[in-house]
Amino acid sequence: MTTENSNCNVSGVSRRNFLRTLGAASAAAAALPAAAAFAQQAAPQAAVGQARRRDFGSDMGETRVMNPNTVIISSNENPLGPASSSLEAISKTASLGGRYHQEISAQTVAAFNEIYGLKRGYSALFPGSGGPLDLALMSNIGPDKPLVMADPSYEQGTRAAQAMKAPLFAVKLTPTYAHDVKAMLAAHPSPGAYYIVNPNNPTGTMTPKADIMWLLKNKPKGSVVIVDEAYFHFSTDDSMLDQVAADQDLIVMRTFSKIYGMAGLRAGFAAGRPDLLMKFATVAQPARSLASISITSAAGAKAALQDKDLIATRRKINADNRSETLEFLSKKGYTVLPGSQANFFMVDVKRPGHDFQQQMMKEEVAIGRTWAAMPTYVRVTVGTKDEMAKFQTAFVKCMDTAPTPGPVNGASLYLPTHYTPSELFRGEFHG
Ligand SMILES: Cc1ncc(COP(=O)(O)O)c(C=O)c1O
């Protein structure tokens, strides 16, 4: 299915909101003394997270104050939080916070470039990857430069197309839930950008690197391929970053919000040829200063990049908890979308996903949203072993119960006073 602006059931991000995104510099990391930081690392992260006010936005169309016992597996966060290496770097750096210390960000960029074989100028550090993803998309699309993306996929592409009044071609995934690069190429003769999320959000499935290489080779001149590798580290596939080094028409997005557990600390990278990164300034001027990251987040990100065991250890924890849960669901006869290599998966709840979310909230389990292309599937983030045990019990109970739509759990309408591009505040954009 190829549709032009057909799936745009979200209201566009306004220019004012977009600029606020960029202006909201990285959330200042809490200046934890080292001992407290390590204590927090040792304590179950969920308990810390759940005690705070949480916004359960998006498809529920409203946000809520959650019961502190609620298991939060809705926004693809990492229940482990930042690694101890990051926490140590953050606490050491916090006392330097009275000065700008741009060299800490520069060191983080240098560490990233060294690890991925990129030359100077081929990457830029931002507070999270959502802001630079907007810049990458918006600097390449417009009324006569369509966006081609997958359906279902991460809605930031849809929102960027709406904001820029760019025609949107949303192309169905293949039967194995990969991006259908041939159909994407056929969608329009001269799009501004192709947006590929790998692993894809919400399906967690991979698009083979060979397919993305094929698209790069065959795409029309003047268009750019944007590969969002937010969840890349949970998989064992090959990254596209080597193709950035090879000067392709390619921008690769990376975030510290997922495997690195730093969603609230805000750090992310855009990697691309210098001319593609410089083009960001055509959307937000001057992108560089608006997008400055706090020194604590930069130091935490650098430590995470240099933490040799972090990725393999966390990938295994996630894969173990994911397969244990998927095995449970399959044995019980539920239909799980196959092939997730990410920290989330989709499961068919055989009723409107929105209703099921609300039923699960009654059981103190906050699960993720649903997508128009798969309205009876909900997305579930992989939490800790204990969280997934609670999820399993609640899931079976809710599947055995008739849907009960309506407000639950002391719901209250809360409109955030600022915009972050993370999934936490989706409610601001979705109808
Ligand atoms: C595919 C994808 N890209 C980008 C982002 C933005 O993440 P952040 O701004 O926290 O880096 C998200 C958030 O969940 C995501 O799922």
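Student: What makes residues 407–431 a stretch to treat with caution, and how many contacts beyond four places in sequence does the model have for them?

Tutor: This is a predicted model, and over residues 407–431 the pLDDT stays under 50, on a confidence scale that runs from 0 to 100. The model has 66 contacts beyond four places in sequence for residues 407–431. Where pLDDT is low, predicted coordinates should not be read in detail. Residues 1–64 also have a pLDDT that stays under 50, and for them the model has 147 contacts beyond four places in sequence.

Student: What is the mean pLDDT of the protein, and what share of its residues reach 70 or more?

Tutor: The mean pLDDT is 83, and 77% of the residues reach 70 or more. In secondary structure the protein comes to 16 helices and 12 strands, and buried residues make up 53% of its 431 residues. Among contacts between residues at least 6 apart in sequence, 77% join residues at least 24 apart.

Student: Why is M360 called buried?

Tutor: The label requires 20 or more other C-beta atoms within 10 Å, and M360 has 25 C-beta neighbours inside that distance, so it counts as buried. M360 lies in helix α15, residues 353–362, and, not counting residues up to four places away in sequence, it touches V365, I367, A394 and C398. The C-alpha atoms of M360 and M399 are separated by 9.6 Å, although these residues are 39 apart along the chain.

Student: What is the phi of Y177, and why is Y177 called buried?

Tutor: Phi of Y177 is near 65°, again a positive value in a residue other than glycine. Most residues other than glycine have a negative phi, and most peptide bonds are trans. Y177 has 22 other C-beta atoms within 10 Å and is therefore buried, and its place is the loop between β5 (168–172) and α8 (181–187).

Student: Which peptide bonds are called cis, and what are their omega values?

Tutor: The bond from D151 to P152 is cis, with omega near 5°, and P152 is found in the loop between β4 (147–151) and α7 (156–163). A cis bond also joins N201 and P202, where omega is about 25°, and P202 sits in the loop between β6 (193–197) and α9 (209–218).

Student: Why is helix α6 described as largely enclosed?

Tutor: Nine of the nine residues of α6 (residues 130–138) are buried, so the helix is largely enclosed by the rest of the structure. Among them are G130, P132, D134 and L137. Leaving aside neighbours within four places in sequence, L137 is in contact with L147, G157, A160, A193, Y195 and I226.

Student: Which residues of the largest nonpolar core touch the most other members?

Tutor: Of its 109 residues, L137, L147, I226 and I251 do. Helix α13 (residues 295–306) gives the most to this core, with seven residues, and the core draws at least three residues from each of domain 1 (28–82 + 310–428) and domain 2 (84–306).

Student: How many residues surround the ligand, and of which classes are they?

Tutor: The ligand is surrounded by 17 residues, the closest being G128, S129, G130, T255 and S257. By class the shell has six nonpolar, nine polar and two charged residues, and at least three residues come from each of domain 1 and domain 2.

How values were computed
Residues are numbered from 1 along each chain as its sequence is written. This is a predicted model: local features need pLDDT of at least 70, side-chain atom pairs count only at pLDDT 80 or more; totals for chains, interfaces and linings use all residues. A residue is near a molecule or strand if its C-beta atom, placed from the backbone, lies within 6 Å of it. Ala, Val, Leu, Ile, Met, Phe, Trp, Tyr, Cys and Pro count as nonpolar, Asp, Glu, Lys and Arg as charged, and the others, Gly among them, as polar. Domain bounds come from an automatic or database domain assignment. A nonpolar core is a set of buried Ala, Val, Leu, Ile, Met, Phe, Trp, Tyr and Cys residues joined through C-beta atoms within 7 Å. A residue is buried if 20 or more other C-beta atoms lie within 10 Å of its own, exposed if 12 or fewer, and partly exposed in between; C-beta atoms are placed from the backbone. Helices (H or I, at least four residues) and strands (E, at least two) are DSSP runs, numbered from the N terminus. Two residues are in contact if their C-beta atoms, placed from the backbone, lie within 7 Å. pLDDT is the predictor's confidence in each residue, from 0 to 100.
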